[in-house]
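Have the sequence and the 3D view open as you read.

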Amino acid sequence: MRVIKKLLIGNGNNIMKKSAIWNIVESMEYSLQSAILLLIVTRRGGLYDAGVFTIAYTFTQMIATIGSYGMRSFQVSDIKSEYKFGTYLYSRLLSVGAMILVCLGYVLIQGYDRNKIFLTILLCIYRVVDDVEDVIHGEIQKNMRLDIASKIVAVRIFLATAMFAFIYTFTENLIYASMGLAATAVVVSLVFNLAVIGEFQDITFKLCRCKVVGLLWTCFPICISGFLYNYLANSPKYAIDRNLSEEVQTLFSILFMPIFVINILSGFVFKPMIASMGITWTRRKYKEFKRMVIKQLLLIIAMTLVILLGGAVCGVEVLGWLYGVELTQYRMLFVTLLAFGGFAAIVAFLVVVLTIVRRQKFIVVAYLIAAAINVLLSNSIVLRYKIWGAGIVYGITMGSIVMILLLTYIVALRKECKGDKDEVTNEVIS
């Protein structure tokens, strides 16, 4: 345990640099995990196992937003410690319990067979580890040690993914492999987090019920928006499932995979800056905050363009080789999806920004409008344009969210700046 603690904490030098590097490593692993797991299952088990696994993985990824409750950004930017860690932990246990109930209810309502039920529950357990660990890491990040949190997640994802790959390669059994995935995640999370939490005085397992209702209510818009976003991000898959074949679903899932890579990788651009942005906004340094937002938006756009160029040159060839599927006829669709992935990355960043400036309710409004558009158009577009229609639906959905969130941020910033100027003027007059 001492060796693990020493490796995780390090010597305390160059914390910001290490935090950025380890956050990149964690983000890359997280973004690539689903692609690697799908690759393994597709290559070894074929299209049927891949289809079953994809649906279960996508669903548990969606309900994980209930478990996390979208609270990480709020917690990290709670510079004044309005809520104690015990309150955050208590609320997280409640939200994780709700996630488990939703999972059980879903598999029963869907009438899944025994294997699908077990698979979904095992992947849900894996998400439970994610969400419980997340509240601990939120406090670690708040103490400016994102490097420690990122190291733990990076190691956990690597070992859990390796265990899944090892078991499935030899057994071709999704249940056994998912059991190994979940069990490895639980063990690694327990050992590594227990090794370091003693270094942070605020992290205790003493639950605090005070202000729990207020915290849950305050973050409820973030939770709803996270759930809606995850649904909207995967809505093309649901539309294909309703209207097209399993073969089309597999093709689209392969082409769609890099979108999540862009979205998650964009996290390393702004995630290390959340605490600093929270401090800047709290201290009412609005011009500096504006510069931080613009800089990170430009970095996300630049990153998207680089990935877009690489995807246009050899993206479909690489994917086709990896998954053993002919994809050259879908090159233009793939490039278009990558561009829409840039929209999704900007959405993720703007959600963090609006959380910091405490305009969470407008995030829900944006997603509800996008959801309404999605419901009205998705089936007809997919039926008419087939696999291209799924891509168009995604682009319309993400584009509408970007416009609404960006407008909300601009209005909020102008309002705060105007209020600040009015206060200064009143002080001068008095």
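## Helix α13 and what follows

The helices here (H or I, at least four residues) and strands (E, at least two) are DSSP runs, numbered from the N terminus. This is a predicted model, where local features need pLDDT of at least 70, side-chain atom pairs count only at pLDDT 80 or more, and totals for chains, interfaces and linings use all residues. Residues are numbered from 1 along each chain as its sequence is written, and side-chain values use heavy atoms, with hydrogens and water left out.

How does the length of α13 work out? (The expected span is 1.5 Å times one less than the number of residues.) Most of α13 is covered, with 21 of its 26 residues buried. Buried means under 20% relative accessible area, exposed means over 50%, and partly exposed is in between, using a 1.4 Å probe and protein chains only.

Two phenylalanines sit three residues apart in α13 (residues 331-356), about one turn of the helix: Phe-340 and Phe-343. Phe-340 counts as buried at 17% relative accessibility, while Phe-343 is partly exposed at 34%. Their rings make a tilted aromatic pair, 6.0 Å centre to centre with 35° between the planes.

## Other ring pairs

For the ring counts, rings of Phe, Tyr and Trp (its six-membered ring) pair if their centres lie within 6.5 Å; planes under 30 degrees apart are stacked, over 60 edge-to-face, and the rest tilted. That rule gives 11 aromatic pairs. Take Phe-59 and Tyr-106: their ring centres are 3.8 Å apart and the planes meet at 15°, so this pair is stacked. Phe-59 belongs to helix α2 (residues 15-68) and Tyr-106 to helix α4 (residues 85-110), so the pair ties together parts that are 47 residues apart in sequence. Phe-59 is buried, at 7% relative accessible area, whereas Tyr-106 is partly exposed at 25%.

There is also an aromatic cluster made of Phe-53, Tyr-57, Phe-164 and Tyr-168. Tyr-57 has a charged neighbour too: Arg-127 lies over the face of its ring, 4.5 Å from the centre. (A charge sits over a ring if NZ of Lys or CZ of Arg is within 6 Å of the ring centre and within 35 degrees of the ring normal.)

Which ring does Lys-211 lie over? The face of Tyr-83, at 5.8 Å from the ring centre. Lys-211 is in the loop between α7 (174-196) and α8 (212-243), and its phi is positive, near 65°, though it is not a glycine. Lys-211 is also one of the residues touched by Thr-87, along with Cys-208, Cys-210, Val-212 and Leu-215, leaving out residues up to four places away in sequence. Contact here means heavy atoms within 4.5 Å. Thr-87 itself lies in helix α4 and is buried, with a relative accessible area of 1%.

Met-144 is another non-glycine residue with a positive phi, about 65°. Look for Met-144 in the loop between α5 (114-142) and α6 (146-171), where it is partly exposed at 34% relative accessible area.

## The nonpolar cores

A nonpolar core is a set of buried Ala, Val, Leu, Ile, Met, Phe, Trp, Tyr and Cys residues joined through side-chain atoms within 4.5 Å. The largest one has 96 residues, and those touching the most other members are Phe-53, Phe-164, Leu-255, Phe-289, Val-347, Tyr-367 and Leu-405. Apart from it lies another core of 29 residues, including Leu-8, Phe-74, Val-188 and Cys-219.

## The whole chain

The protein chain has 14 helices and zero strands. Its radius of gyration is 22 Å, close to the 22 Å that the globule rule gives for 430 residues, so the chain is as compact as a globular protein of that length. The radius is taken over C-alpha atoms, and the rule is 2.2 Å times the number of residues to the power 0.38.

Along the principal axes, the C-alpha atoms fill a box of roughly 75 × 50 × 40 Å. Of the 430 residues, 55% count as buried. Among contacts with a separation of 6 or more, 82% come from residues 24 or more positions apart.
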